[in-house]
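Hi everyone, thanks for coming. Please have the sequence and the 3D view open, and we'll walk through a few places together.

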Amino acid sequence: MMNEMKSIKIYHSSYGENDFHISESAPIDVDLSALEKFYASMGEKHLRSLLKFIDYWKNEGYEKFFNPRAVMRVLPLETAADAFGTETLSLNDSVDKVVMAVWTIGAELEKEASEMMSSIGNLMTGFLLDVAGSIALYNMHTELISWIKENIAVSDGKFINGEFYPGMGSMRQDLMERVVTLGETERMIGVSASGNSLLRPRKSQCSFTALGALEHKIEVKMERCHPCTGKKCLYYQLGGCHMMTGGSQDVPGDTGM
């Protein structure tokens, strides 16, 4: 039986504030049902191997190696544009704030998965642990969007008008060092920039959420990581792509709900 579920420890502040406030999200349930469905389709032998891993995850892996944390900074639109060139975040004239969010599952799972994959007899467990980490990162993102809506947007009379990732549209990929510096992520949650476009630990992500005074329907476009290698990809072979990222834009012609 899984131990008590963990919540995301969220460090958040508005631009110009010296200190971060600390909050917690709702508990995070890492949903492995997509893996179960995939392995069930491959036959009983494969499903048994997965169920053995799920037992390990529930009784040990989740508690020991999942350490969810996030940093959020609320930036005036002009500050975000000056720092990151994010003019595309202004989906309509009402957008005036951007929430820069960085989140991570921590370095512990990545280290354990790597060690397992180098150990005789633990190769598949290590692979599946890595995949579970990617799913956990996705589940964190879903919860963080809800947290932004309930704790930042609503209290300020705003609506989420879109979400964007570095590397999508006109947002450059080589922004991570600026993200890390502005968010103080290395000090707060142990996330650093490796080169210009990568975050460490590897299972860390960053997004920019636009807040505006108008309520709009948002169209989300999901994109695979680049370059996508399809069936040659290890993630594909272990249950499908878990590295989807999303960008969003106003639905043309929508003027509110």
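Let's begin at R187, which counts as exposed because its relative accessibility is 57%, and the cut-off for exposed is over 50%. Do keep in mind as we go that this is a predicted model. What does R187 pair with? Its partner is E184, in a salt bridge whose closest N and O atoms are 2.5 Å apart. E184 has a relative accessible area of 26%, so that residue is partly exposed.

That pair belongs to a wider theme. How many salt bridges does a search of the whole structure find? The answer is eight. I'll show you some of them.

Please turn to helix α2, which covers residues 44-65 and holds both E60 and K64. These two residues sit four apart, about one turn of the helix. They form a salt bridge, with 3.3 Å between the closest N and O atoms. As for E60, its relative accessibility is 31%, so we call this residue partly exposed.

Now for a pair that reaches across the chain. D96 and K158 join their side chains in a salt bridge, at 2.9 Å from N to O. The two are 62 residues apart, and the pair links distant parts of the chain. You'll find D96 in the loop between α3 (77-84) and β4 (97-104), while K158 is in the loop between α5 (123-153) and β5 (159-164). Are these two buried or exposed? D96 is partly exposed, because its relative accessibility is 32%. K158 has a relative accessible area of 12%, so K158 is buried, the cut-off being under 20%.

There is also a network of salt bridges to look at, and it links D130, R202 and K203.

Let's finish at S207, a residue in strand β8, which runs over residues 204-212. Its relative accessible area is 1%, so S207 is buried. Which residues does S207 touch, if we leave aside its neighbours within four places in sequence? The contacts are V99, M100, A101, W103, E163, F164 and Y165. With E163 there is a further detail: the side chains of S207 and E163 make a polar contact at 2.8 Å. And have a look at P166 as well: P166 and S207 are 41 residues apart along the chain, yet their C-alpha atoms are separated by 7.0 Å.

Notes: Residues numbered from 1 in each chain as written. Predicted model: local features only at pLDDT ≥ 70, side-chain atom pairs only at ≥ 80, totals over all residues. Heavy atoms only, no water. Salt bridge = Lys/Arg side-chain N within 4 Å of Asp/Glu carboxyl O. Buried < 20%, exposed > 50% of the residue type's maximum accessible area, 1.4 Å probe, protein only. Contact = heavy atoms within 4.5 Å. Polar contact = N/O pair within 3.5 Å; in protein donor to acceptor, adjacent residues only side chain to side chain.
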